[in-house]
Amino acid sequence: MSKDFVIRTLIIDDADVFDSVAAELLNASALPRIVFDKASSGAEAMLQFTTDPHQLVFLNLELVEDNALALLKSIKTMSWFTDVVAMCRTENIQLILGAMRNHASDVLIPPFSAQDLEQTLSRFVKRQEMYANIQGGSQSIADSVENRLKAISHDTKNYISSAGQSLEILENEILKRKRAHYGEIDWEPLLFYAKNVKDILNFCLENLAGQLDQGLRQKIQNDPLEFNEFDIIAMLREVCEDFLPICSHKQIPLALETSKESVSYYGRQGDIYHLLTNLIQNSIKYSDQGKRIQVCMDGPIHIDENVGYIELNVADSGRGIAPDILPHIFDKGFAGGSTGNNTGFGLYFVKKVVEEHNGEVFVTSEPGQGTTIQIKLPVLL
Amino acid sequence: MDNKLKELLKKQFPSIRVLIVDDMMPNIKNHKYVLSEMGFVDSNISHAKDGLQGLLKLTKFQPELIITDWNMPMTDGLKMVQKIRATKAFADVAIIMITAEADKDLEQAKPYVQGILKKPYTIKDVEDQVFFAMAKYLAKKMQA
């Protein structure tokens, strides 16, 4: 790995374990250049990570509001070749063991020196070289280049055809006006379709450039944005199990009910995993000791012959949401004003993922009585 | 197609409900333009962003003509038309499939659709496919 190679790194930390001094020390080292992104909560991290996965993640295992182990699992589900360095004090040996079991690549125990960090990084570089060997081999590179070229060729045809048709429409409109000898020209439709052509070209730039970029980074085998088939009940069960230690610590019973043993679902696995994590985490966050959380998954329920839906209800008997806040809880950056650690990305992320899967999300809440979030995800039958 | 037949067909278009399924909004806008130039009414045209959303709109909107892209996220065009044809109520709906795929793939779609449009295409290509598919659909409807 050469010195001019850039490592994209994400630091997930709500308590500045990994402060800017360390970041500067790392950049001064003889190792490859590092570009940092920072996230102070799980939701914020996932939002950054899903847009463009990082190669290296420093994760503080002692996040106050988030389940760091669930986050680690989520990251490894989406991008296996991302290295996660767990940061944790020796007192929390259980968390460190949990991180190692969930494929963390390295552990840093604070307080750590620049030398510790440098060693961690050199181990990371060695692992990356090893991964490159595993993923490499001239055949797989040739195959993925071919796949990517196929996709580029398909998309180019698609966008250019669309742009061509829009221009044809523009031409049609201009001709019509010429024929009618309009005294006063109505520019509106012309401007409208000219804008459409512009939009298509933007699509072209964004998507083709994005694909080329991905192709160069050899991410084809490991694209987190791909849809695939998985058992959503098994996933829900796993997420609930991950939260059991926190629930027993807070003395909040968490009950899971499903109408079927397994349901095959087609979607973005990493996104759905994080959606489930987010919902349950939220319920735990806003429930006081002794309150109960009920998670139910029903379905698929038939809408018609072809389509049905899975219904997920996450109900808590926690603090509830005030009626004036309720319509805004899915807004981007809306933090509810309840705690300082709330970034306002969690429920926004939930809604975004549900909408991308053609689903709907509903919320009912009564202050002091609790909140129920219901999600309906359509499935092919 | 004979111009007289086209004129006859055009008289039916204002009452025909059309569903456009495409993951690119600019394409949907283009199709809407071509359709309204042909005499279809804007309020009778609906759209969906992928095959699954298309299927979700099917029962409620009851389209008589579907113009769909092949390559889409979630559920692709081919999977969607296969499902539609397997549903008795929609066995006769007119379907035009749009694709940029290579020729060998077209054979897979042929049994399920009345027309296939290969990218890149012109406005006239779209019009021809719509006339052709509607002629077939309306003839069958009149027989019934």
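Helices here are DSSP runs of H or I with at least four residues, strands are runs of E with at least two, and both are numbered from the N terminus. Before we go further, please keep in mind that this is a predicted model, in which local features need pLDDT of at least 70 and side-chain atom pairs count only at pLDDT 80 or more, while totals for chains, interfaces and linings use all residues. Residues are numbered from 1 along each chain as its sequence is written, chains are lettered from A and ligands numbered from 1 in the order in which they are written, and side-chain values use heavy atoms, with hydrogens and water left out.

Let us stay with chain B for a moment. Of its 144 residues, 53% are buried, where buried means under 20% relative accessible area, exposed means over 50%, and partly exposed lies in between (1.4 Å probe, protein chains only). Contacts, meaning heavy atoms within 4.5 Å, can be sorted by their distance along the sequence: among those in chain B that join residues at least 6 apart, 64% link residues at least 24 apart. The chain exposes about 6,600 Å², with carbon and sulfur atoms supplying 52% of that area; accessible areas come from the Shrake-Rupley method with a 1.4 Å probe, and for residues only the protein chains shown count as cover.

You will find B:Gln129 in helix α6 (residues 123-143) of chain B. Its relative accessible area is 19%, so B:Gln129 counts as buried. Setting aside residues up to four places away in sequence, B:Gln129 touches B:Ile96, B:Gly115, B:Ile116 and B:Leu117.

Now turn to where the two chains meet. Each side brings residues to the contact, 35 from chain A and 35 from chain B. A:Gln165, A:Asn358 and A:Leu380 supply 21% of the area that chain A buries against chain B, more than any other three residues. Together the chains bury about 3,100 Å², 54% of it on carbon and sulfur atoms; buried area is the accessible area (1.4 Å probe) that two parts lose on being put together, summed over both.

What salt bridge does the interface hold? A:Lys176 pairs with B:Glu37, their closest N and O atoms lying 3.0 Å apart. The rule asks for a side-chain nitrogen of Lys or Arg within 4 Å of a carboxyl oxygen of Asp or Glu, and across this interface it finds one salt bridge. On the side of chain A that touches chain B, the elements giving two or more residues are α6 (138-180), α7 (188-216), β8 (264-267), α10 (346-356) and β12 (370-380) of chain A. Among these, α6(A) gives the most, with 13 residues.

Finally, look at strand β1 (residues 6-12) of chain A, where A:Leu10 is found. A:Leu10 has a relative accessible area of 0% and is therefore buried.
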